[in-house]
Amino acid sequence: MSMAVVGLMAGMALGFAGYFGGFGAFLLVAALGAVGFVVGRFLEGDLEVGDFIRGRERGDGRR
């Protein structure tokens, strides 16, 4: 499925949620879509857990 079709479906889902459910439903659908996107990228191997969890690094040379 092309990215244009995926974008079309996501836009239609957000439009329907906003029209029938109001702004709260629009935000819920957008947030769940973002979570699904991140999980999908993780399962495809494009993201790793370490990309989200990193320790603080000092770049000034102090210890």
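In which helix does V38 lie? V38 sits in helix 1, residues 3–44. The model is predicted: local features need pLDDT of at least 70, side-chain atom pairs count only at pLDDT 80 or more, and totals for chains, interfaces and linings use all residues. Residues are numbered from 1 along each chain as its sequence is written, and side-chain values use heavy atoms, without hydrogens and water.

**View 1. Helix 1 is kinked at G21.** The protein has 1 helix and 0 strands (DSSP runs numbered from the N terminus; helices are H or I, at least four residues, strands E, at least two). The kink is about 145° (the angle between axes fitted to the seven residues ending at a residue and the seven starting there). G45 follows helix 1, with a positive phi near 95°.

View 2. F16 is partly exposed at 48% relative accessible area; F20 is exposed at 64% (buried is under 20%, exposed over 50%, partly exposed in between; 1.4 Å probe, protein chains only). F16, Y19 and F20 form one aromatic cluster.

**View 3. F23 and F26 form a stacked pair.** The centres are 6.0 Å apart, with 20° between the planes. Both residues lie in helix 1, 3 residues apart. F23 is exposed at 61%; F26 is partly exposed at 29%.

How values were computed
Phe/Tyr/Trp six-rings, centres within 6.5 Å; stacked < 30°, edge-to-face > 60°.
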